Amino acid sequence: MSTQANGVYCRYCGSTPAVDLDFRAHRGMVFIMQFRKLPGPYCRDCGLASFRKMTGDSLVQGWWGPISAIIANPVTLLINLVNRARLQQLGPPIPGAPSLPMNPGRPLWQRPAIVGLFLPFIVLGLIVYSGAHSSGSSSNRNSYSYLNPPSTSYTVPSIPMIPSIPSLPTTQPAHDAKSAKVGDCVWDKNGDIAKDDHPKVEVVECGDQRAQATVLAKPTGPTGDTECDNKYPATDVIITHKTSFNGGPEIEDFALCLQLK
Ligand SMILES: [Zn+2]
């Protein structure tokens with residue numbers, strides 16, 4: 001594994017070597033399914049960070065519908081695993097890129113989301129158990145009826161628009177993400193806040209046409225994003241804000257738990 005520029009540059013930090021692939025997340029709900037895609041090219045570190053984030057999301061959110069649990073989520077997870085293997089063939093990003101590569105963070109198996117890996121087996125076990133213990137065929141039918149889903153609509157968003165290389169941080173105006181308070185409404189200057197991995201969040205009036213989401217909570221510290229997941233189930237999108245202290249590595253200093261409007 002050698003580190004040599006390969007002519008491909010990471011979309012997120014500008015590093016090379018990089019490889020052009022996408023990471024996906026799937027969210028299943030009974031009536032709709034949501035597919036998210038974070039497009040590359042990725043350097044090794046940004047790719048690993050995105051793999052862990054998107055796969056972790058899918059492990060938790062991906063099972064909640066029949067089609068999702070049986071097909072869509074397993075396929076999503078498999079694609080991510082294959083792409084992670086491709087990513088692992090890259091050497092570490094060569095220093096000196098326009099911005100620092102993302103911090104990959106803890107491996108998936110050390111994150112709470114890994115519990116999600118066992119969800120389908122637990123649910124399947126419960127179905128089999130309730131089937132075996134129910135008397136009469138009518139309740140048997142009930143426990144399997146969910147396998148025939150009602151008409152399922154698909155929301156398949158197109159590839160999100162993400163700026164090619166993030167610009168270096170500049171001084172922020174007073175209505176930036178940092179100034180957001182619980183109950184505030186925000187929008188993403190860069191596009192769709194639900195899909196954008198590098199959103200430029202600004203506070204706007206909730207009546208404003210641009211408002212895309214409401215701030216449910218603003219937990220501080222490096223575990224802010226998991227707090228959104230755990231304590232605010234209405235959260236649709238989590239924006240994490242990172243700061244570098246005295247030129248050190250970037251650390252998450254707060255998260256915005258957002259509910260889409
Ligand atoms: Zn990168």
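## Zinc site

Donors to a metal are N, O and S atoms within 2.8 Å of it. In this predicted model, the donor residues of the zinc ion follow the spacing C-x2-C-x29-C-x2-C along the sequence. Cys10, Cys13, Cys43 and Cys46 each coordinate the zinc ion through SG, at 2.3 Å. The angles subtended by the four donor atoms run from 105 to 115°, which makes the arrangement around the zinc ion tetrahedral.

Cys10 is located in the segment before strand E1 (23-28), whereas Cys46 belongs to helix H1 (residues 44-61), so the pair ties together parts that are 36 residues apart in sequence. Cys10 and Cys46 are both buried. For Cys10 the relative accessibility is 1%, and Cys13, also at 1% relative accessibility, counts as buried.

## Disulfide between Cys185 and Cys206

The model contains two disulfides. With bonded cysteines counted along the chain, their pattern is 1-2, 3-4. One of these bonds joins Cys185 to Cys206, with an S to S distance of 2.0 Å. The link of Cys185 and Cys206 is right-handed, with 100° about the S-S bond.

This pair connects distant parts of the chain, 21 residues apart: Cys185 is in strand E4 (residues 185-188), and Cys206 is in the loop between strand E5 (201-204) and strand E6 (213-217). Cys185 is buried, with 1% relative accessibility, whereas Cys206 is partly exposed, its relative accessible area being 37%.

## Disulfide between Cys228 and Cys257

A disulfide also joins Cys228 to Cys257, with an S to S distance of 2.0 Å. The link of Cys228 and Cys257 is left-handed, with -75° about the S-S bond. Cys228 lies in helix H5 (residues 224-231) and Cys257 in strand E8 (residues 250-260), so this bond ties together parts of the chain that are 29 residues apart in sequence.

Cys228 counts as buried, at 0% relative accessibility. Cys257 is likewise buried, at 0% relative accessibility.

## Nonpolar surface patch

On the surface, a nonpolar patch is formed by Leu117, Phe118, Phe121, Ile122 and Leu126, which together have about 530 Å² of accessible area. Among these residues, Ile122 is placed in helix H3 (residues 119-133).

The relative accessible area of Ile122 is 47%. Because residues are called exposed only over 50% and buried only under 20%, Ile122 is classed as partly exposed.

Key
Residues are numbered from 1 along each chain as its sequence is written. This is a predicted model: local features need pLDDT of at least 70, side-chain atom pairs count only at pLDDT 80 or more; totals for chains, interfaces and linings use all residues. Side-chain values use heavy atoms; hydrogens and water are left out. Donors are N, O and S atoms within 2.8 Å of the metal (3.2 Å for Na, K and Ca); water is not among the atoms, so sites may look incomplete. Four donors count as tetrahedral if all angles lie between 85 and 135 degrees; four count as square planar and six as octahedral if opposite donors are over 155 degrees apart and all others between 65 and 115; anything else is irregular. Helices (H or I, at least four residues) and strands (E, at least two) are DSSP runs, numbered from the N terminus. Buried means under 20% relative accessible area, exposed over 50%, partly exposed in between (1.4 Å probe, protein chains only). Patches are made of residues with over 30% relative accessible area and no salt bridge: like charges are joined within 9 Å, nonpolar side chains (Val, Leu, Ile, Met, Phe, Trp, Tyr) within 5 Å. Accessible areas come from the Shrake-Rupley method with a 1.4 Å probe; for residues, only the protein chains shown count as cover. A salt bridge is a side-chain nitrogen of Lys or Arg within 4 Å of a carboxyl oxygen of Asp or Glu. A disulfide is a pair of cysteine sulfur atoms within 2.5 Å.
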